[in-house]
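This report describes one protein model for a reader who has not seen it before.

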Amino acid sequence: MTAAPPVSPPVPLSHNRDYRLLWGSQALSEFGFHTALIAFPLLVLALTGSGAASGLVMGTIAAAQMVAGLPAGVLVDRYDRKAIMLGCEAAQAVSAISLVAAVWAGAATVWHMVVVAAVFGASAALFEPAESASLPALVADEHLPTAVAMNTARASMGQLAGTATGGFLFAVGRFVPFLVDAVTHTLSFFALLFVRLPRRERSADGVGPLGREALAGLRWVWRERRIRVTVVCAVVLNLFFSAFYLVVIVLAESRGVPSGEVGVMAAMLGVGGVAGALLAPALHRRLGPYGGIIAVFWALAVLAPVTVLMDSGYLIGVLFALMALFPPTANTAIMTDQLLRTPDELRGRLTSTLVLACGAAGAAGPALGGSLAQALPGDRAILLCSAGMAAAAVLATVSPTLRTLSRRHESGRPAG
């Protein structure tokens with residue numbers, strides 16, 4: 001009887017060449033994107049002095065992401081994911097270069113910036129599901145939680161570093177932030193060329209109309225109870241926290257908190273997000289999937305009402321940092337479970353659905369917060385948002401579906 005050959009241990013992320021190339025390329029890309037993002041309104045205001053025009057350009061990025069969201073998931077599931085990622089990087093580099101040339105020549109217009117913003121938004125909508133859907137093919141199942149957490153940390157660090165740098169670079173020259181963006185996307189494009197992504201099996205059934213395939217993805221997500229429940233939880237939490245965040249800003253302004261302190265408050269949310277993303281692998285192992293998700297709900301539900309008692313922007317910033325510690329752990333738990341549970345041919349649509357749902361909640365939250373701040377005293381508006389988060393925390397805690405996230409097959413894949 002011949003013994004079975006020994007199974008080779010999975011390659012750790014620190015030695016996973018393809019994952020490191022992908023992560024490093026996107027660290028550059030995230031930095032460049034946020035450098036340009038903060039420079040967009042500055043450039044519009046410098047050229048036109050119009051706040052409305054600035055809002056149009058910035059709104060175009062978000063609108064393009066929303067419009068391209070569901071079709072992007074279908075395209076990611078239908079076509080070569082590496083080619084899609086390369087195309088997104090090339091499109092952003094070319095559009096940024098066109099804007100650099102226009103600003104350099106003194107010929108930049110608002111409509112040119114709108115087009116560039118649309119390219120940025122659509123590319124982001126395509127790239128994110130392509131990358132997320134590719135992760136299970138690049139890393140072992142047991143390393144997927146760490147990979148998801150590291151991607152979250154990368155996004156947070158890119159946002160912080162790019163936002164902080166963009167304003168300084170704009171002061172150096174109006175075209176400089178966009179030149180940096182073009183360079184980073186170009187470098188990212190060439191790094192992605194060397195990522196070895198396994199070839200996917202094409203569906204024997206062929207492809208159908210784009211709209212029908214998008215609806216099929218939505219139906220699949222809704223039929224899967226664990227995915228449906230976690231999506232609803234994420235949407236509810238995003239809605240109430242986004243409303244709460246705006247109400248806190250309004251209340252701080254009404255109490256005479258200096259604008260500099262308000263800026264520190266916002267920055268501390270990002271600092272907490274970076275720290276939480278770096279801690280996410282360890283917290284995920286310690287708390288488990290269910291514990292990590294519940295920790296987010298209760299951290300927000302307990303800490304949010306404390307802001308009513310504070311007049312210092314710095315102290316509120318500390319609270320914001322504490323609130324931001326646990327969401328990356330919950331994101332790690334949710335994305336790991338859902339990526340492993342979802343068939344490869346649907347992973348693009350899964351990610352695009354999540355992004356679209358959370359993005360819609362993030363957009364509706366400020367509208368809700370603004371209405372509450374106008375209709376109620378600031379303290380009561382904060383307590384109402386806190387009550388919503390507390391109610392969601394109770395429902396999530398007692399949810400039998402969320403408890404099943406801790407059940408795993410021996411192979412490391414989620415149990416059915």
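## Salt bridges

D344 and R81 form a salt bridge through their side chains, with N and O 2.9 Å apart. This pair joins distant parts of the chain, 263 residues apart: D344 is in the loop between α11 (327-341) and α12 (347-375), and R81 is in helix α3 (residues 81-105). A salt bridge here is a side-chain nitrogen of Lys or Arg within 4 Å of a carboxyl oxygen of Asp or Glu. Helices (H or I, at least four residues) are DSSP runs numbered from the N terminus.

The model is predicted: local features need pLDDT of at least 70 and side-chain atom pairs count only at pLDDT 80 or more, while totals for chains, interfaces and linings use all residues. Residues are numbered from 1 along each chain as its sequence is written, and side-chain values use heavy atoms, with hydrogens and water left out.

The structure holds six salt bridges. Two more of them are described here. In one, R347 pairs with D344, and the closest N and O atoms are 3.4 Å apart. Through shared partners, salt bridges join D77, R81, D344 and R347 into one network. In the other, E131 pairs with R154, with 2.9 Å between the closest N and O atoms. E131 belongs to helix α4 (residues 110-138) and R154 to helix α5 (residues 144-172), so this pair ties together parts that are 23 residues apart in sequence.

Are the residues of these pairs buried or exposed? Buried means under 20% relative accessible area, exposed means over 50%, and partly exposed lies in between (1.4 Å probe, protein chains only). The table gives the class of each residue.

| Residue | Relative accessible area | Class |
|---|---|---|
| D344 | 27% | partly exposed |
| R81 | 2% | buried |
| E131 | 7% | buried |
| R154 | 5% | buried |
| R347 | 8% | buried |

## Helices

Helix α1 (residues 17-48) has 32 residues, and its first and last C-alpha atoms are 47 Å apart, close to the 46 Å expected at 1.5 Å a residue. The expected span is 1.5 Å times one less than the number of residues in the helix. At A39, shortly before the proline P41, α1 has a kink of about 30°. The bend at a residue is the angle between axes fitted to the seven residues ending there and the seven starting there. After α1 comes G49, with a positive phi near 70°.

Helix α2 (residues 51-78) has 28 residues, which should span 40 Å at 1.5 Å a residue, and the 40 Å between its end C-alpha atoms agrees with this. Where does α2 bend? The bend, of about 50°, is at G69, and the proline P71 follows within four residues.

In α11 there are 15 residues, and the helix reaches 21 Å from its first C-alpha to its last, close to the expected 21 Å. Of these 15 residues, 13 are buried, so α11 is largely enclosed by the rest of the structure.

L43 lies in helix α1. With a relative accessibility of 0%, L43 counts as buried. Apart from neighbours within four places in sequence, L43 is in contact with V103, M113, F170, R174 and F178. Contact means heavy atoms within 4.5 Å.

A324 is found in the loop between α10 (313-323) and α11. A324 also counts as buried, at 8% relative accessibility. Which residues does A324 contact, leaving aside its neighbours within four places in sequence? They are L269, G272, G273 and G276. Between A324 and V274 there are 50 residues of separation in sequence and 8.4 Å in space, C-alpha to C-alpha.

## A nonpolar surface patch

W298, V302, V394, L395 and V398 make a nonpolar surface patch of about 470 Å². Patches are made of residues with over 30% relative accessible area and no salt bridge; like charges are joined within 9 Å, and nonpolar side chains (Val, Leu, Ile, Met, Phe, Trp, Tyr) within 5 Å. Accessible areas come from the Shrake-Rupley method with a 1.4 Å probe, and for residues only the protein chains shown count as cover.

Helices α9 (259-303) and α13 (378-398) each supply at least two residues of the patch. The largest share, three residues, comes from α13. V398 lies in α13, and at 55% relative accessibility V398 counts as exposed.
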